Amino acid sequence: MTYEAVLQLEPYQVDRVSKKEMFTKELLRMTEFHIENCPQYARMMRAIGFNPALADNYESIPFLPVRLFKELELCSVQKEDVYKIMTSSGTSGQQVSKIYLDKATAANQQKTLAKIFSNIAGGMRMPMIIVDCPSVLKNRNMFSARGAGILGFSIFARKKIYALNDDMELQIDAIQKFLEEYKGEKVLLFGFTFMVWQHFYKALKQSGRRLELGNAILIHGGGWKKMVLEAVTPEAFNSALRDLCGIPQVVNYYGMVEQTGCIYIECEEGHLHASTYSDVIIRRGGDFSVATDGERGIIQVVSLLPWSYPGHSLLTEDEGVLLGEDNCPCGRKGKYFKVLGRLKNAEIRGCSDTYATKF
Amino acid sequence: MENLEKYDKAFMEVFELSKENLNEKLVYQSIQLWDSVGHMSLIAALEDTFNIMMEMDDIIDLSSYEKGKEILADKYGVSL
């Protein structure tokens with residue numbers, strides 16, 4: 001099954017039996033492919049004695065810790081076929097992850113995001129306010145996670161405006177003018193959680209001015225660690241934005257640069273959902289066995305997308321809990337879960353969190 | 001200006017190309033400037049030029065110079 005064929009499936013309609021069958025078959029095929037094409041990955045699999053031919057369940061496929069992408073150059077295509085390199089937005093003193101993309105994988109990331117996003121926000125393109133500064137996209141061959149996120153979501157924009165200037169100051173007048181121009185239309189606001197909080201919510205509140213966003217949808221994601229330090233829970237964040245700007249739909253998403261495209265979006269019930277194209281497995285911290293529903297553990301993410309680098313099975317540095325599968329009241333099939341936060345002592349490494357260390 | 005001329009102009013301006021580069025070999029990612037950033041600029045230029053609003057699926061499908069003509073003609077009534 002090609003990834004293009006996988007993408008033909010609806011994002012939230014594959015039930016657990018079909019998904020398990022598909023993921024076991026496809027992820028094992030990917031494991032074999034990466035063993036053949038990425039020498040470091042092959043050595044790791046050999047070292048732990050994993051043989052894909054003997055595995056019968058995708059849960060038994062080894063996972064790489066995400067920080068390995070900082071330490072090693074993990075690539076499963078020829079150097080001349082590398083089309084873009086994506087990085088986590090590291091600041092000085094921090095190592096960045098490097099994700100090698102060929103043309104097909106880069107295009108599939110965008111297509112995947114579009115499938116997932118349309119399910120939540122509809123297929124219509126909207127005027128978009130990007131809560132970030134224009135300079136974040138300055139090097140088009142080497143995107144930071146922040147840039148990649150903004151770019152990925154830009155496809156849903158009909159017209160766009162950056163809410164901040166390069167000094168990270170909120171451009172209230174310009175936004176007001178923009179909103180005036182598209183009055184009566186649904187507006188998309190997008191930004192990283194900490195950016196939205198620090199440079200949009202706080203700045204707007206301080207200014208004492210108002211923005212009419214009663215017809216907007218806010219999509220935000222990328223790290224809660226700094227928000228935890230600010231003592232802001234996801235619930236408080238949502239209601240603060242609703243109260244100040246009247247934004248009716250505030251949607252959080254969970255995702256990482258190592259599996260760009262396969263984001264986990266929050267449904268109307270406030271649950272993060274795995275789509276058809278990726279999945280989560282919650283593992284016990286002690287022995288990495290699979291945790292039961294409701295049991296706290298480390299989040300592993302698997303995805304059918306990464307063919308140009310061995311990122312199809314990764315252990316994140318986040319803790320979470322599985323809430324259920326195929327039975328969320330919102331009607332979406334697949335697993336749904338909650339992210340509880342960063343593992344203690346894990347290096348700060350979320351998309352917007354690296355920026356956040358400056359505060 | 002004829003529609004085809006306008007269509008070509010959008011490609012030439014966004015991707016800094018001359019007329020002889022506009023052919024069936026011009027596909028998404030075939031030149032450095034036609035990456036995801038360039039793609040969004042192209043869509044914006046086409047939308048402004050023909051005063052249309054494209055659907056998301058069509059933006060994704062518009063993967064080549066030739067395919068773009070097809071999409072504009074079939075879906076948006078722009079005869080080229």
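For chain B, which has 80 residues, a compact globule would have a radius of gyration near 12 Å, and the value of 11 Å found for chain B in this predicted model agrees with that expectation; the radius is taken over C-alpha atoms, and the globule rule is 2.2 Å times the number of residues to the power 0.38. The model is a predicted one, in which local features need pLDDT of at least 70 and side-chain atom pairs count only at pLDDT 80 or more, whereas totals for chains, interfaces and linings use all residues. Residues are numbered from 1 along each chain as its sequence is written, and chains are lettered from A, with ligands numbered from 1, in the order in which they are written.

The C-alpha atoms of chain B fill a box of roughly 30 × 25 × 20 Å along the principal axes. Chain B has four helices and zero strands, so that its elements run α-α-α-α from the N terminus on, where helices (H or I, at least four residues) and strands (E, at least two) are DSSP runs numbered from the N terminus. Of the 80 residues of chain B, 24% count as buried, a residue being buried if 20 or more other C-beta atoms lie within 10 Å of its own, exposed if 12 or fewer, and partly exposed in between, with C-beta atoms placed from the backbone. Among contacts in chain B between residues at least 6 apart in sequence, 49% join residues at least 24 apart; two residues are in contact if their C-beta atoms, placed from the backbone, lie within 7 Å.

Chain A has 11 helices and 15 strands, and its C-alpha trace spans about 65 × 45 × 40 Å along the principal axes. With 359 residues, a compact globule would have a radius of gyration near 21 Å, and the 20 Å of chain A agrees with this. Buried residues make up 48% of chain A, and 72% of its contacts between residues at least 6 apart in sequence join residues at least 24 apart.

The domain assignment, whose bounds come from an automatic or database source, divides chain A into domain 1 (3–64 + 263–342) and domain 2 (108–255 + 352–356). The centres of these two domains, taken over C-alpha atoms, are separated by 27 Å, and their contact takes 15 residues from domain 1 and 18 residues from domain 2. On the side of domain 1 that touches domain 2, the elements giving two or more residues are α1 (3–7), β10 (264–266) and β15 (335–342) of chain A.

Helix α2 of chain A (residues 16–37) has 22 residues, which at 1.5 Å a residue should span 32 Å, and its end C-alpha atoms, 30 Å apart, agree with this; the expected span is 1.5 Å times one less than the number of residues. Buried residues of α2(A) include F23(A), L27(A), M30(A) and H34(A), and the buried residues of this helix pack against α3 (39–47), β12 (278–283), β13 (296–303) and β14 (313–325) of chain A. Seven of the eight residues of β13(A) are buried. Strand β13(A) is joined to β12(A) by six bridges in the antiparallel sense, and also pairs antiparallel with β14(A) over six bridges, pairing requiring at least two DSSP bridges between two strands.

Between the chains, 15 residues of chain A are in contact with 10 residues of chain B. Helices α5 (103–121) and α6 (145–154) of chain A each supply at least two residues of the side that touches chain B, and the largest share, five residues, comes from α5(A).
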